[in-house]
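Reader: I would like to go through this model term by term. Please set each value against its cut-off and then conclude.

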Amino acid sequence: MSPSGSSSSDKASSDKDRRAAQREEIRRQRQAELKRQKRIRTTIIAAVAVVALAIAAGIGWAIYQSTRPAGPVTPPQGVAADQTYYQSGADSGKPVVDLYLDYMCPICNQFEQLNGAELKALADADQITLREHTRTFLDSMSTTGDYSTRAANALACVADEGEDKRAAMNTLLFENQPAERTAGLTNAQLTEYAKQAGASDAVADCISSKKHVTWLHDVVEPEAQKSAPNGTPTVLIDGEVFQDWSTPGALTQALGDAGADTSAASGASDAGGASGAGGAAGTASDAGGN
């Protein structure tokens with residue numbers, strides 16, 4: 001018979017091993033549970049992210065579709081299908097001014113107040129070739145997601161009926177420019193301003209049907225992204241960016257240096273600041289288009 005002391009020792013050792021095994025099993029179970037919970041969290045996060053992306057993509061697509069009607073490119077009257085701007089002034093031999101603007105851009109409005117009347121006077125006197133590019137990239141700055149497009153389309157609808165009417169509409173759009181992160185002017189308001197600019201009743205259908213949006217999105221905007229990538233306002237003189245447009249008289253002086261007879265612009269700014277050419281300008285205020 002074994003000594004009682006040896007039996008007690010074996011039993012104690014066996015109990016210790018059993019408890020150790022139990023602890024190890026509990027540890028393994030705990031680790032397995034933690035891994036399972038982590039997989040669940042990861043799956044949930046991934047699912048939520050996928051759903052959020054799908055919702056965002058759906059909203060973006062809906063906005064895109066709402067502002068981009070199907071159909072062929074329909075430029076405004078007198079503008080070639082592949083032309084990205086409205087042209088006025090001299091046919092050739094004078095400084096070429098390219099203006100890039102967006103009607104949701106408040107800095108474009110400042111440019112218009114400072115330089116619009118002088119540029120229009122120079123274009124009317126055939127002292128410059130003025131090319132105005134109406135951008136739509138600030139749609140995202142309106143709560144409806146489409147104000148820049150709707151305003152530019154409204155201008156194009158008025159342009160169908162004449163250059164002077166387009167210039168008047170440009171002035172009205174800046175004089176009544178909505179604040180960023182608002183819905184912008186309604187189509188009814190745009191139609192009313194178009195009629196104030198001299199457009200006929202037919203302009204209402206042009207605005208509501210988004211007649212010229214494909215031209216704006218597929219022709220004007222892609223070229224602008226290459227030629228004026230930093231946003232609006234942007235002004236080029238003979239292809240070179242001019243940055244000092246915020247200094248009164250500086251743009252007119254630069255055009256004089258480039259070969260324009262600027263006497264036609266004398267007093268134009270005093271006669272009415274924004275009464276003229278569609279503005280866009282100088283150095284880009286920021287790619288988000290202030």
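Reader: What makes T84 count as buried or exposed?
Author: Its relative accessible area is 9%. Buried means under 20%, exposed over 50%, and partly exposed in between, with a 1.4 Å probe and protein chains only. At 9%, T84 is therefore buried. T84 lies in the loop between α1 (4-67) and β1.

Reader: What is the basis of these values?
Author: This is a predicted model, where local features need pLDDT of at least 70, side-chain atom pairs count only at pLDDT 80 or more, and totals for chains, interfaces and linings use all residues. Residues are numbered from 1 along each chain as its sequence is written, and side-chain values use heavy atoms, with hydrogens and water left out.

Reader: Which residues is T84 in contact with, beyond its neighbours within four places in sequence?
Author: E132, H133, W215, V219, V220 and E223. Contact means heavy atoms within 4.5 Å.

Reader: What are the elements of the chain, and in which order do they run?
Author: The chain has nine helices and five strands. Helices (H or I, at least four residues) and strands (E, at least two) are DSSP runs, numbered from the N terminus. The order is α-β-β-α-β-α-α-α-α-α-β-β-α-α. Of the 290 residues, 42% are buried. Among contacts between residues at least 6 apart in sequence, 83% join residues at least 24 apart.

Reader: Why is A90 called buried?
Author: A90 has a relative accessible area of 5%. The limit is under 20%, so A90 is buried. A90 sits in the loop between β1 and β2. Leaving aside neighbours within four places in sequence, A90 touches D126, I128 and T129. A90 and Q127 are 37 residues apart in sequence, yet their C-alpha atoms are 6.2 Å apart.

Reader: Which residues of α4 are buried, and what covers them?
Author: R166, A167, M169, N170, T171, L172, L173 and F174 are buried. The cover includes β1 (86-89), β2 (96-101), α2 (106-124), β3 (129-134), α3 (147-159) and α5 (187-196).

Reader: What makes α3 and α4 roughly antiparallel?
Author: They pack at about 155°, with their axes 8 Å apart. Axes are lines fitted to C-alpha atoms, for helices over the stretch in contact, and angles run from 0 to 180 degrees between N-to-C directions. Under 35 degrees is roughly parallel, over 145 roughly antiparallel, 65 to 115 roughly perpendicular, and the rest oblique. At about 155°, α3 and α4 are therefore roughly antiparallel. Y147, A151, A154, L155, V158 and A159 of α3 make the contact with K165, R166, M169, N170 and L173 of α4.

Reader: And why are α3 and α7 called roughly perpendicular?
Author: α3 and α7 (213-227) pack at about 110°, with axes 9 Å apart. The perpendicular range is 65 to 115, so the pair is roughly perpendicular. T149, A152 and N153 in α3 meet V213, L216 and H217 in α7.

Reader: What makes the pair R166 and E163 a salt bridge?
Author: The N to O distance is 2.9 Å. A salt bridge is a side-chain nitrogen of Lys or Arg within 4 Å of a carboxyl oxygen of Asp or Glu. At 2.9 Å, the pair therefore qualifies. R166 and E163 are three residues apart in α4, about one helical turn. R166 is buried at 2% relative accessibility, whereas E163 is partly exposed at 37%. A network of salt bridges links E132, E163 and R166.

Reader: How many salt bridges does the structure hold?
Author: Nine. One of them joins R131 and D98 at 2.9 Å, N to O. R131 is in strand β3 and D98 in strand β2, 33 residues apart.

Reader: What about R150 and D146: buried or exposed?
Author: Both are buried. They form a salt bridge, with the closest N and O atoms 3.1 Å apart.
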